[in-house]
Amino acid sequence: MTIERRDFLKTTTLAAGALGVGLVPAPASAATGPGRTLRILILGGTGFIGPHQVRYALGRGHTLTLFNRGRTAPELFPDVEQLRGDRATGDLDALRGREWDVVLDNASSNPRWTRESAQLLKGNAGQYVFISTQSVYTSRAEIGIDETAPVGRPDLPREEWSGYGPNKVLCEEESERAFPGRTSIVRPSLIVGPRDGTDRWTYWVVRTHRGGNVAAPGTPGDPVQLIDARDLSEWTIRLCEGGTVGIFNAVGPGSPMISAEMLYGIRAVTSTPVSFTWIDVDFLEEMGIRPWSDMPAWMPHRGARAGFARMSNARAIAAGLTFRPLAVTAEDTLKWFLSQPPERQANLRSGMNPGKEERLLAAWRVRNGSANRP
C-alpha cells in the first residue's frame, strides 16, 4: 500500500467518524481547487453524468480511468485511460491488480454487479462512491424525508424485494459491505440538463420553446425537485477530494421550488410566445394522462405522494452541494437538444406528442365551458 493511499484511508476513516456524530469534513471548494490529486476509477463514464464528472475532474488535475463496454460514445476522452469489460457478464479482468484512490459507481442498479466490482476493488481503493436514487425510500407520504427514513420494500420479505428502488438499496448495502466506513451513498432526485437521454425534464424546455398553449399538470403551486447533472457530478468529485463519506439526498434546488417557478423560469430563456394552462389532477386521471411519463417531472402531491419533491437536502448542502440557476440549466439544455440530429429532435422520449396534448386541452376547455353554463 502506498503512503498516498494510506493517508487517503485515514482521511475517509476520520470522515466516517465525523458523520457518525452528525458532522461532515469541510468539502473542497469549487473555487479553490482540490488541494490534492486523486486516481479515480469511474465505472461507466460516457453516459449522462459520467462525461460531466470526467471533464470536471480533469480540470482539477485528477487522473482518471474509465471502465465500460465501449459501446456508448467511445470517441469521448481519447486521452483518458479506458478499460474494457462488462459487469453484466462478470468480465472484470481489466480491473484486477490495479489501485485507485476512489471508485465512482454510476451505472449499477443490479446488486450482483455492485457486489462483484466492490469486492474485487475493496483492497485496492480507498473510497467507493455509489450513485443511488431517491426511489429507495419506502414512503413518499411524509414531507421532508431525510437520510434516516426507511428504505426497501416494507410490503415484501427481503428475499422478494424487486424493482428499481429496492435493487438500489441492495446495491448500497453491497457497497458498504465491501467498503465499511469508506462509502459515499448519493441519492439524487430527477437528474436534468445537457446529455439527458430520457427527456423527462427536457420535454418542458423543448415544449416551452415550441410555444403556444402548454398543458401543465396540477396547480402552479405543486412542488418540484430536480438537480442539474453538472451540479451532481461536480459535487461528487468534491466528495472524493474531501474523502467525505455517508448518505446524502442530492436533490435540488437549494430552496423549495414550485411548478410555476420552473415553467416560467424556462420561459425566460426563450422568446417564443407561450402560455400555460394548469389542468386539474382529477381531470388528468379521468383522461388517462400519466404522471411522470405524459406529464414528466411531476406527480400528484397528495395522499401517499404528499412528500414527493419535498425531500430534505440539508445534509448534502452542508457537505458542499451547490446549484446553478435554473435559467442556466434550461438554456444549456435547450442548446444541447437543438444541436442533436433532426431525427432525435423529432422524437422526444417523454411527455405528450402535439396531437395528444391538443386533445387534452380541447377536452379541458369543453369541461370548463360546461361548468360555466347556467
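# Pockets, strands and rings: a guided look

Me: Let's start with the largest pocket. Which helices and strands each supply at least two residues of its lining?

Reply: α2 (49-59), β2 (63-68), α4 (164-178) and β7 (190-192) each give at least two residues to that lining. Keep in mind that this is a predicted model.

Me: How many residues line the largest pocket, and which lie nearest its centre?

Reply: The lining has 44 residues, and those nearest the centre are Asn106, Ala107, Ser108, Tyr164 and Lys168. The space inside comes to about 1,200 Å³. Sorted by class, the lining holds 16 nonpolar, 19 polar and nine charged residues.

Me: Let me pick Ala107 from that list. Where is its place in the chain?

Reply: Look in the loop between β4 and α3. Ala107 touches Leu43 and Trp113, leaving aside residues up to four places away in sequence. Leu43 is 64 residues from Ala107 along the chain, yet their C-alpha atoms are separated by 6.8 Å.

Me: And the second largest pocket: what is its volume?

Reply: About 200 Å³. It has 14 lining residues, and Gln225, Ser255, Pro256, Met257 and Ala309 lie nearest its centre. β9 (223-224) and β12 (257-258) each provide at least two residues of this lining. By class, you'll find eight nonpolar, five polar and one charged.

Me: Which helix gives the most to the lining of the second largest cavity?

Reply: That's helix α7 (residues 259-267), with three residues. This cavity holds about 50 Å³ of space. Its lining includes Trp204, Trp278 and Trp298, along with Ser259, Met262 and Leu263. The class count there is nine nonpolar, one polar and no charged.

Me: Let's turn to the strands. How do strands of a sheet pair?

Reply: In general, strands in a sheet pair through backbone hydrogen bonds, and the pairing can be parallel or antiparallel. Here, seven strands make an open sheet with parallel pairing, in the order β3-β2-β1-β4-β5-β6-β11.

Me: Why is one side of β3 and of β11 left without a neighbour in the sheet?

Reply: β3 (81-84) and β11 (246-250) stand at the edges and each has a single partner strand, so one side of each has no neighbour in the sheet. As you step from one strand to the next, the twist averages 20°.

Me: How many bridges join β1 to β4?

Reply: Four, between residues 39-43 of β1 and residues 100-105 of β4, two strands that run parallel. For an example to click on, take Ile40, whose bridge partner in β4 is Val102. Then look for helix α3 (residues 111-121), which lies across β1, β4 and β5 (125-131) and runs at about 165° to β5.

Me: On to the rings. By what is a pair of aromatic rings described?

Reply: Two things: the distance of the centres and the angle of the planes. The count in this structure is seven aromatic pairs. One of them is Tyr264 with Phe276, an edge-to-face pair at 5.3 Å centre to centre, with 80° between the planes. Tyr264 sits in helix α7 and Phe276 in strand β13 (residues 274-279), so this pair ties together parts that are 12 residues apart in sequence.

Note on methods:
Residues are numbered from 1 along each chain as its sequence is written. This is a predicted model: local features need pLDDT of at least 70, side-chain atom pairs count only at pLDDT 80 or more; totals for chains, interfaces and linings use all residues. Side-chain values use heavy atoms; hydrogens and water are left out. On a 1 Å grid over the protein atoms alone, a cavity is a set of points where a 1.4 Å probe fits but cannot get out, and a pocket is an open set with protein on both sides within 12 Å along at least five of seven lines; lining residues have an atom within 4 Å of a point. Grid points are joined across faces, edges and corners, and a volume is the space filled by probe spheres set on the points. Ala, Val, Leu, Ile, Met, Phe, Trp, Tyr, Cys and Pro count as nonpolar, Asp, Glu, Lys and Arg as charged, and the others, Gly among them, as polar. Two strands pair if DSSP finds at least two bridges between them. Axes are lines fitted to C-alpha atoms, for helices over the stretch in contact, and angles run from 0 to 180 degrees between N-to-C directions. Contact means heavy atoms within 4.5 Å. Rings of Phe, Tyr and Trp (its six-membered ring) pair if their centres lie within 6.5 Å; planes under 30 degrees apart count as stacked, over 60 as edge-to-face and the rest as tilted.
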